[in-house]
Amino acid sequence: YLPCPVEQEQIQKRTFTNWINAQLSKRKPPCVVRDLFYDFRDGSRLLDLLEVMSGQRMSREKGRGMFQHRSNIETALSFLKTKSIKLVNINVPDIIDGKPSIILGLIWTIILQFHVSFHTLLDTRSSCSSARSSPLPPRGSPLHARFRISAKKALLLWVREQVGCSLNVKDFKASWRSGVVFLAILQALRPDVADLTKARTQSNRQNLEEAFRIAERELHIPRLLDPADVDVREPDEKSIMTYVAQFLQYSQDLPMSEEDMQVGLNFFNEISEVTFLIVSHTHRGLTVFQTFVVSFNEQRRPVMPLLTAMKRTPRLSEEQKRLRLREYKTELDLSLPSPLDTVGRWLLRVEAELTDDEAEREDHVHAAAEAREKLEQLKVLLANYIYYVILVSAFALDIGILISLLMSYRFALSRCLII
């Protein structure tokens with residue numbers, strides 16, 4: 001059957017409460033949320049959750065009065081805004097009143113930013129943003145922010161890499177009802193704990209129960225879902241995404257195999273040799289090479305998971321190939337020597353503003369306002385066109401070194417794809 005809005009609200013409430021308690025169990029001392037709509041009204045549990053997810057201490061008002069409650073909630077919302085998180089129709093009075101739709105919307109925003117997006121091909125490096133115009137999504141931001149695809153689509157691509165071509169995973173709804181996809185992910189991450197052969201003969205709820213039990217017992221992934229909530233015609237998308245993101249987090253915490261490490265080491269050695277041959281003849285080239293090595297060492301960690309994923313998945317779809325190529329190209333382009341790295345960031349900002357957002361919007365007024373804001377951002381970016389032309393012209397005397405370095409990047413990229 002198709003869950004009604006009230007049932008869907010209760011499913012989200014259970015899932016989000018389980019997820020919150022799994023996070024708060026890491027706090028010292030740990031704490032528990034029993035009623036999601038009531039316990040967040042004073043702001044203290046909201047601050048506890050943000051402290052766990054961000055690793056930062058939050059100042060708070062002590063006391064049980066309305067002033068302290070309002071101050072704590074305002075502190076939490078202000079913190080989220082500093083992370084460039086849009087809070088649509090989320091305000092202090094509705095949280096204090098425990099309004100279900102607002103509380104669920106707030107928790108989903110936190111889950112999407114700190115759990116789903118954060119672990120979607122995570123890159124924890126910090127990067128500098130330009131002081132001019134609007135900032136480019138940094139290289140330290142998740143895949144969906146850097147390449148203009150939604151966090152949902154990036155997570156779905158990861159799932160398809162794990163299960164291969166044998167299963168057709170279209171979405172985070174009906175595709176998961178049978179429980180087979182959960183078991184396939186478990187088998188990909190831990191081949192010794194899941195058996196897909198008997199899944200075809202079991203009921204949906206038996207498969208779901210087995211998958212949740214194995215994930216909790218063997219992978220220590222908290223059970224957020226109930227089989228009865230998933231075995232419906234259209235399961236709740238947000239609840240399933242929240243649970244599946246835990247498997248992605250688990251995969252990133254796995255130690256790298258010796259074979260994958262050797263593949264990465266060979267790749268790095270080939271890049272170093274080619275780059276050294278190109279730039280070793282001039283003093284300027286040596287300086288560029290030293291800068292590149294420093295930057296390259298900083299980028300080793302985020303590249304290794306990509307190599308692991310490439311090794312694990314022998315056949316990639318055309319969409320996945322384009323996504324991989326786009327990621328490598330962007331990483332290499334942003335490693336250009338100064339001042340060309342500044343020009344590259346500006347060009348990527350222009351491209352980002354010209355790219356349509358894939359998110360669906362029912363509020364046409366809000367969509368029109370965003371479009372106007374995007375147009376203003378683009379005007380500001382294009383106003384700096386002459387400035388970046390001058391930068392490129394000033395660098396023209398060293399164009400020979402630039403071309404050599406770009407050739408080394410493209411050669412390294414082709415070697416990576418061969419691997």
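Biologist: Is cysteine 31 buried or exposed?

Modeller: Cysteine 31 is buried in this predicted model. Its relative accessible area is 10%, so it falls below the 20% cut-off.

Biologist: And cysteine 165, buried or exposed?

Modeller: Cysteine 165 counts as exposed, at 69% relative accessibility.

Biologist: Step back a bit. What is the secondary structure of the protein chain?

Modeller: The protein chain has 20 helices and zero strands. It runs to 419 residues, of which 45% count as buried.

Biologist: What about contacts between residues at least 6 apart in sequence, how many join residues at least 24 apart?

Modeller: Of those contacts in the protein chain, 65% do.

Biologist: On to the largest nonpolar core. Which residues touch the most other members?

Modeller: Leu36, Leu80, Val159, Trp176, Phe182 and Phe247, out of 75 residues in that core. Helix α6, residues 100–116, provides the largest share of the core, with ten residues.

Biologist: What does leucine 80 touch?

Modeller: Leaving aside residues up to four places away in sequence, leucine 80 touches Leu50, Ile85, Leu87, Leu106, Ile110 and Phe114.

Biologist: Now the rings. How many aromatic pairs are there in the whole structure?

Modeller: A search finds seven. One of them joins phenylalanine 212 and tyrosine 243, with ring centres 5.2 Å apart. The planes of these two rings stand at 85 degrees, so the pair is edge-to-face.

Biologist: Where in the chain do phenylalanine 212 and tyrosine 243 sit?

Modeller: Phenylalanine 212 is in helix α10 (residues 204–218) and tyrosine 243 is in helix α12 (residues 237–253). They are 31 residues apart, and the pair links distant parts of the chain. Both residues are buried.

Biologist: Which other residue does tyrosine 243 form an aromatic pair with?

Modeller: Phenylalanine 247. That pair is edge-to-face too, at 5.2 Å centre to centre and 85 degrees between the planes. Phenylalanine 247 is buried, as is tyrosine 243.

Biologist: Why are tyrosine 243 and phenylalanine 247 separated by about one helical turn?

Modeller: Because they are four residues apart in helix α12. An α-helix has 3.6 residues a turn, so residues three or four places apart point the same way.

Biologist: Which residues form the aromatic cluster?

Modeller: Phe172, Trp176, Phe182, Phe212, Tyr243 and Phe247 form one cluster. Trp176, Phe182 and Phe247 are also among the core residues that touch the most other members.

Biologist: Change of topic: glutamate 51. Buried or exposed?

Modeller: Glutamate 51 is buried, with a relative accessible area of 10%. It is found in helix α3, residues 44–54.

Biologist: What does glutamate 51 touch?

Modeller: Arg27, Gln56, Arg57, Met58 and Arg60, not counting residues up to four places away in sequence.

Biologist: And glutamine 206, where does it lie?

Modeller: Glutamine 206 lies in helix α10 and is partly exposed, with a relative accessible area of 44%. Its side chain reaches the backbone nitrogen of serine 203 at 2.9 Å. The C-alpha atoms of glutamine 206 and glycine 179 are separated by 8.1 Å, although these residues are 27 apart along the chain.

Biologist: Last one, helix α17. What does it reach from first C-alpha to last?

Modeller: Helix α17 covers residues 340–354 and reaches 21 Å, close to the 21 Å expected for its 15 residues. Its buried residues include Leu340, Val343, Trp346, Val350 and Ala352. Asp341, Arg345 and Arg349 in α17 are buried as well.

Definitions and conventions: Residues are numbered from 1 along each chain as its sequence is written. This is a predicted model: local features need pLDDT of at least 70, side-chain atom pairs count only at pLDDT 80 or more; totals for chains, interfaces and linings use all residues. Side-chain values use heavy atoms; hydrogens and water are left out. A nonpolar core is a set of buried Ala, Val, Leu, Ile, Met, Phe, Trp, Tyr and Cys residues joined through side-chain atoms within 4.5 Å. Buried means under 20% relative accessible area, exposed over 50%, partly exposed in between (1.4 Å probe, protein chains only). Helices (H or I, at least four residues) and strands (E, at least two) are DSSP runs, numbered from the N terminus. Contact means heavy atoms within 4.5 Å. Rings of Phe, Tyr and Trp (its six-membered ring) pair if their centres lie within 6.5 Å; planes under 30 degrees apart count as stacked, over 60 as edge-to-face and the rest as tilted. The expected span of a helix is 1.5 Å times one less than its number of residues. A polar contact is a pair of N or O atoms within 3.5 Å; within protein, one must be able to donate a hydrogen and the other to accept it, and residues adjacent in sequence count only if both atoms are side-chain atoms.
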